[in-house]
Each structure stands twice: as C-alpha cells, then as structure tokens.
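Welcome! Please take a look at the model below, and then we can walk through it together.

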2 protein chains.
Amino acid sequence: MELLKQRILADGAVRPGNILKVDSFLNHQLDVALLDRMGEAFFEHFKAQNITRILTVEASGIAIAMAAGRFFGVPVVFAKKSQSKNLDGELYTAPVKSFTHGTINTIVVEKRFLTGADRVLIVDDFLATGNAQRGLLALCSQAGASVAGIGIAIEKGFQGGGDALRREGYDVYSLAIVEKMTDDSLTFRT
Amino acid sequence: MELLKQRILADGAVRPGNILKVDSFLNHQLDVALLDRMGEAFFEHFKAQNITRILTVEASGIAIAMAAGRFFGVPVVFAKKSQSKNLDGELYTAPVKSFTHGTINTIVVEKRFLTGADRVLIVDDFLATGNAQRGLLALCSQAGASVAGIGIAIEKGFQGGGDALRREGYDVYSLAIVEKMTDDSLTFRT
C-alpha cells in the first residue's frame with residue numbers, strides 16, 4: 001500500500017533492536033484517515049471470504065481492527081492480555097511472547113465471542129516473529145473457528161514470521177513489508 | 001444517548017463489586033456502528049470547541065476515541081500504561097489507580113504528541129471514580145494544553161467521579177449515566 005509506505009518513510013524511525021517506531025500515526029498517536037484507508041485495503045483483499053468476526057489483540061491492534069470492522073460490517077473482538085475482574089465467562093487462552101517487551105503474556109478471549117461458526121480475519125498492526133499471530137490462531141483453533149487470513153499493517157519481513165505462516169498456507173496480507181532496515185535506510189519488499 | 005442506554009439494558013450485566021459488563025459491544029467485542037454513533041454524539045456536543053487532539057488511555061478507550069476522531073478530523077493519542085522499549089522520547093507521566101484491577105499504573109504520553117498549543121478532548125469508555133480522567137488531565141496540565149471537555153460513554157454516577165469533575169468546572173459529557181445498579185435493575189440519570 002503506497003500511502004502507508006510513504007508515511008513510514010516520512011515519519012518512521014529505526015531504533016536499536018530492530019524496532020521501527022511509527023508512533024506518530026499507528027500506535028501511540030493515530031491517523032484515523034490513514035487507518036481507514038488501511039481498513040479498506042483489507043476489505044478489498046478479503047471481501048469474498050465471508051468474514052463474520054475480526055480478531056486482534058490489545059492495545060495497538062484495536063485501532064486498525066476498528067477501521068477494518070467498519071468496511072466488513074462485522075463485530076471486532078480484541079483479545080485481552082491479562083485476566084481481569086471483568087472477564088468472568090469461560091475463556092480461551094494462549095501464551096504470547098512479546099518481541100518488544102521481552103515478556104510472556106497470556107491472551108484471553110471469552111468463549112462467547114469466538115465460535116465454531118465463525119470465519120475470522122485476524123488483524124494486527126505489526127507482524128515480526130509471528131508470536132502474536134500464532135497466539136490469535138491458537139484461540140481460533142480452540143474455538144473451532146476457521147481463519148480466512150491475516151491482515152497486517154507492517155510486516156518485518158526480515159524476521160521471517162510472515163513467510164513461515166505463508167508456508168503453512170495462511171493468506172498473510174501485509175500492507176507494507178520491510179525487507180531491510182538500518183539506522184539510515186529502509187527497504188520494502190516489492 | 002437513547003441508543004446506548006437501550007443497548008446497556010439489553011446486553012449489559014451487573015457483577016459483584018459495582019462492575020457493569022458491557023463487553024459484548026464496548027470493551028471486549030466492539031460494535032463499530034454503535035461506536036460511530038457515539039463518536040458523532042461527542043462531535044455534536046463539542047464541535048464548537050476547536051479541538052486539536054483527542055486523548056484517551058489504552059486499551060478500551062482506543063475504540064471510542066477512534067470513532068470520535070473520525071468526526072473531529074484530528075489525531076487521536078492514547079496514553080500507554082507502561083513504559084516500553086518503543087517509548088524513547090521525552091514523556092509526560094501520571095499515576096492512575098485502576099478501579100477494576102486494583103493496581104496503580106503509570107500512564108505515559110510522549111511530549112511531542114501533547115503540546116501547549118493543543119485544545120484537547122479527553123474521551124474514555126467508563127468514568128467511575130474519575131481516577132483515569134484525572135490522570136489524563138494531569139498529562140494535559142504538564143503539557144500546558146487546554147482541556148475542552150471530557151466525553152464518556154458510560155458514567156457510573158453513583159461513584160461520584162463525574163460530578164466532582166463537573167463541580168471543578170469541567171464539561172463532562174456522558175452518553176449514559178447509571179444512577180443506581182443492583183443485580184436485577186439499572187437506573188439511568190435523566
């Protein structure tokens with residue numbers, strides 16, 4: 001998606017540890033108009049898939065999942081990262097190791113929000129090692145839901161998580177794939 | 001907002017500890033169409049206020065802040081609850097005690113996303129004791145930003161946080177104010 005790539009080049013910044021900061025428009029401050037175009041791009045790609053629910057994980061996946069949800073006209077569910085007092089139904093749970101924070105979180109979805117009748121589009125802001133996406137896939141598997149595909153804003157192609165999922169047959173659709181990243185240059189996969 | 005009140009009555013559930021569960025449409029699963037109408041209601045109330053940024057706190061505030069951001073056409077900023085590797089700019093920070101979880105979080109915003117030139121609308125899904133909103137107000141105060149008002153989806157009126165803020169002069173605009181809540185009844189302020 002050219003609009004997103006241009007924005008990454010204009011406003012993104014590379015930090016030590018393979019971190020790409022895009023917090024001026026994607027995961028601290030949100031550019032709603034850009035997010036809407038990204039949601040529309042997911043819809044164009046997956047619209048024939050009879051999606052019934054969009055699944056993401058808090059917190060920074062929520063904005064782009066919301067944007068996608070508008071186009072598909074289906075509910076958006078965000079997995080939570082910790083069990084709170086507010087989660088009292090029966091739960092699906094899966095462990096996810098955070099690349100950014102170095103911690104292991106349990107992600108949780110109440111069973112009534114993910115069922116065997118669902119055709120799910122998984123949406124997230126970043127895909128790197130694929131750990132978060134595998135956690136979401138595990139929740140879908142527990143629910144017996146079928147997975148139509150995985151829509152990602154920015155994939156770090158050089159970390160391999162996206163290609164591993166593609167080799168397993170998943171339709172991973174990333175709006176920008178960063179192939180190479182150094183302190184002063186950034187190359188997209190074409 | 002009648003649409004929201006009807007939805008709370010239809011799908012909300014009361015749990016011990018003054019917890020109102022609305023996770024089928026507001027803070028676990030998201031009803032995007034309803035959230036859009038809520039964002040529009042905030043716009044109708046605050047549209048003359050020359051809002052330049054919308055401020056909320058992760059995670060469940062993000063969806064309703066996104067919905068509002070579309071109508072105001074301004075950036076949405078969500079404060080983060082922990083300092084991550086991805087936050088490397090200068091920060092504003094404030095402590096917030098969580099009513100739901102019983103913990104104290106530090107909320108954080110990078111200084112470049114909140115400035116003395118800003119006219120801020122604070123948006124959140126719930127207002128109970130007002131702790132989260134006071135944390136967001138503290139961030140605005142540190143930045144020298146002016147606060148146009150506070151837009152809330154559901155206020156628990158009986159916990160007093162909203163009325164305390166109103167007495168201090170803040171324009172707190174809540175789409176539904178729950179005045180009384182028991183296991184089998186729920187009364188709105190009229």
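How many helices and strands does chain A have? Chain A has five helices and 11 strands, where helices (H or I, at least four residues) and strands (E, at least two) are DSSP runs numbered from the N terminus.

## How to read this report

This is a predicted model, in which local features need pLDDT of at least 70 and side-chain atom pairs count only at pLDDT 80 or more, while totals for chains, interfaces and linings use all residues. Residues are numbered from 1 along each chain as its sequence is written, chains are lettered from A and ligands numbered from 1 in the order in which they are written, and side-chain values use heavy atoms, with hydrogens and water left out.

## The overall build of chain A

The radius of gyration of chain A is 16 Å, close to the 16 Å that the globule rule gives for 190 residues, so chain A is as compact as a globular protein of that length. This radius is taken over C-alpha atoms, and the globule rule is 2.2 Å times the number of residues to the power 0.38. Along the principal axes, the C-alpha atoms of chain A fill a box of roughly 50 × 35 × 35 Å.

Of the 190 residues of chain A, 56% count as buried (under 20% relative accessible area; exposed is over 50%, and partly exposed lies in between, with a 1.4 Å probe and protein chains only).

## Two copies and their axis

How does chain A relate to chain B? A rotation of 180° with 0.0 Å of shift along its axis superposes chain A on chain B, with an RMSD of 0.0 Å. That is the relation of a two-fold axis. The superposition is by least squares on the C-alpha atoms of residues with pLDDT of at least 70 in both copies.

Of the interface residues of chain A, 100% are also interface residues in chain B, so the copies meet through the same surface. A59(A) is the residue of chain A that comes closest to the rotation axis, at 2.5 Å for its C-alpha.

Most residues other than glycine have a negative phi, and most peptide bonds are trans. A59(A) lies in the loop between strand 4 (53-57) and helix 3 (61-72) of chain A, and a cis peptide bond with omega about 0° joins E58(A) and A59(A). In chain B, the peptide bond from E58(B) to A59(B) is cis, with omega near 0°.

N18(A) is not a glycine, yet it has a positive phi of about 60°. N18(A) sits in the loop between strand 1 (13-15) and strand 2 (19-21) of chain A and counts as partly exposed, at 35% relative accessibility. Phi of N18(B) is near 60°, again a positive value.

## Two buried residues

Is G157(A) buried or exposed? At 7% relative accessibility, G157(A) counts as buried. G157(A) is found in the loop between strand 9 (146-156) and helix 5 (161-167) of chain A. Leaving out residues up to four places away in sequence, G157(A) touches D163(A), I177(A), V178(A), E179(A) and R189(A).

Over in chain B, Q133(B) has its place in helix 4 (residues 131-143). Q133(B) counts as buried at 1% relative accessibility. Not counting residues up to four places away in sequence, the residues that Q133(B) touches include D124(B), F126(B) and L165(B).

Key. Contact means heavy atoms within 4.5 Å.
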